[in-house]
Amino acid sequence: MPGAWILAAVLLGAAGAALGFWFARRRQRNLESLRSRLVAVTQSSRQTGDNIAHDLRTPLTRLHADVETTLRSEDNEAHRATLERVLTEIHGMQNIISALLTLGQAEAGGMPVKKRVVDISVLLEEILELYGPSAEERQLRLQGRIAPQIQVEADRQLLARIFSNLLDNALKYVPANGLVVLSATTKGGEVVITVEDDGPGIPVEMRDKIFERFTRLDSSRTLSGGAGGSGLGLSLVKAFARLLQGDVRAEESRLGGAAFIVTLPAATAGSSRPAP
Amino acid sequence: MKLLIVEDDVAAAGLLKRGLEESGYAVDLAHDGEQGLKLARAGGHSLWVIDIMLPELDGLSMLKALRDEGRGAPALILSALGKVDDRVEGLRAGGDDYMVKPYAFAELLARVEALLRRSRSFGGGPDTLLEFADLKIDLLSRTVTRAGQKIDLQPREFSLLECLMRHAGQVVTRTMLLEIVWEYFFDPQTNVVDVHISRLRQKIDKNFSLPLLHTVRGAGYVLRVDA
Ligand SMILES: Nc1ncnc2c1ncn2[C@@H]1O[C@H](COP(=O)(O)OP(=O)(O)OP(=O)(O)O)[C@@H](O)[C@H]1O
Ligand SMILES: [Mg+2]
């Protein structure tokens with residue numbers, strides 16, 4: 001990524017130079033804005049790199065210590081227990097890497113999107129049904145306020161991943177006895193789907209940042225009950241929403257907690273037929 | 001029973017071979033598409049495990065050639081991560097199931113067994129009555145009984161049980177259940193499937209002395225009569 005920016009900067013610089021003197025001021029502005037973008041990109045990618053290294057080093061260090069200690073023991077049971085932990089750690093690292101690869105692919109536009117007319121009302125009801133028992137187990141009330149027969153032109157799997165991620169979060173971050181509401185309506189040519197709760201919410205200054213890779217609120221890091229996470233879920237949500245020509249933002253919910261608002265273009269009359 | 005693995009990553013293929021052999025299968029190994037084609041044509045395999053990205057001849061072309069020759073062994077396609085389109089392409093080329101790398105061996109084994117069983121029971125026509133121990137389900141009337149006693153299930157619980165019954169005696173993974181019962185090809189972080197299963201278990205096992213639905217740690221679920 002930074003490579004492409006540097007190349008672009010060089011090309012633009014060269015082209016600019018050829019444009020002559022009276023264009024110089026404008027060129028300078030271009031170069032200036034390009035330079036600041038370049039700095040921002042390199043910084044963010046360096047930060048991302050640091051985070052990946054950190055996110056993988058922590059489990060690797062744990063693995064290393066665990067395996068080393070176990071190797072010194074002769075106990076078969078201990079060996080087995082270690083191997084099981086090793087498997088869990090590997091699984092976690094694979095998830096991080098998968099999410100990063102998917103993100104890279106989605107953001108670079110390399111991800112094939114199978115767009116069909118989807119009745120998103122039906123899909124959301126299905127997701128509610130899928131998450132219902134888990135919410136109940138965590139003593140959360142999960143409610144749906146979904147207008148019927150809302151059609152979007154989208155990829156069913158990507159849609160499901162968006163709302164599955166948002167509900168995963170609600171289940172993780174809303175304390176017991178809380179309320180989570182999934183609602184959907186159409187406004188103009190837009191479909192608006194909201195996942196909101198009465199949990200701790202997202203502080204104003206974090207509402208954009210939260211969609212960046214590896215961002216987690218400090219309060220979540222220290223959350224009891226092992227609510228682990230790598231801070232990639234919402235970046236995926238954003239990337240998927242954009243792949244579907246939509247977007248997502250965080251606000252404060254009327255319920256007092258976080259509201260994640262996903263907007264998608266409504267399907268038009270001329271859209272392709274629903275999947276058989 | 002003999003299986004064919006076509007996988008160019010020598011280390012991965014070796015581990016896979018060892019795992020499958022430990023599970024009681026004989027395994028032939030090929031490291032490129034041409035060699036795979038040759039071995040598959042020689043015949044005798046009950047199932048093919050084929051990686052898509054292969055030197056010489058890619059996995060999909062290889063599979064397509066075999067299907068065009070009328071060879072019908074079930075094929076499990078493996079593909080690198082993130083190629084969403086591969087699923088469709090793989091199934092179109094004649095694959096029967098599809099997995100994304102990196103996969104867990106338990107997941108692969110479960111799928112291999114499901115495919116082998118499906119191909120064995122081929123030709124029997126679609127069953128509308130499934131039975132396991134004293135559990136019976138009727139797919140037409142969508143009713144369930146255990147020891148003659150009627151059990152009320154939610155539609156989704158019924159589909160879960162149907163899936164487990166079709167693979168009775170074999171491990172069915174969470175990922176397989178999400179794919180078959182919900183048609184989602186990704187894994188949520190929350191243990192959504194586990195909770196649905198525990199509700200199903202409440203209904204089919206709770207009032208009976210012999211438990212049928214078991215959890216296999218790190219793998220999934222199985223319907224089994226434990227000795
Ligand atoms: N509903 C919510 N209420 C409060 N905080 C939330 C909520 N959803 C997300 N957050 C905060 O936003 C952060 C980023 O969420 P994101 O889904 O990107 O990552 P994560 O859940 O920490 O990890 P994962 O990659 O496993 O999803 C969380 O760590 C949490 O601090
Ligand atoms: Mg998350």
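In chain B, helix α2(B) meets helix α3(B) through Gly33(B), Gly36(B), Leu37(B), Ala40(B) and Arg41(B) on one side and Met62(B), Ala65(B) and Leu66(B) on the other, contact being heavy atoms within 4.5 Å. The contact residues divide into five nonpolar, two polar and one charged (Ala, Val, Leu, Ile, Met, Phe, Trp, Tyr, Cys and Pro are nonpolar; Asp, Glu, Lys and Arg charged; the others, Gly among them, polar). This is a predicted model in which local features need pLDDT of at least 70 and side-chain atom pairs pLDDT 80 or more, while totals for chains, interfaces and linings use all residues. Residues are numbered from 1 along each chain, chains are lettered from A in the order written, and side-chain values use heavy atoms, without hydrogens and water.

**Helix pair in chain B**
- The axes of α2(B) (33–42) and α3(B) (59–68) come within 9 Å and cross at roughly 25° (axes are fitted to C-alpha atoms, for helices over the stretch in contact; angles run from 0 to 180 degrees between N-to-C directions).
- The two helices are therefore roughly parallel, a term for angles under 35 degrees.

**Sheet in chain A**
- Five strands form an open, mixed sheet in the order β2-β4-β5-β7-β6 (strands are DSSP E runs of at least two residues, helices H or I runs of at least four; pairing needs at least two bridges).
- β2 (141–146) and β6 (247–252) are the edge strands, each with a single partner, so one side of each lacks a neighbour in the sheet.
- β4(A) (179–187) and β5(A) (190–197) pair antiparallel over eight bridges.

**Helix on the sheet**
- Helix α7 (233–243) of chain A lies across β6 and β7, at about 130° to β6(A).

Conventions
Parallel < 35°, antiparallel > 145°, perpendicular 65-115°, else oblique.
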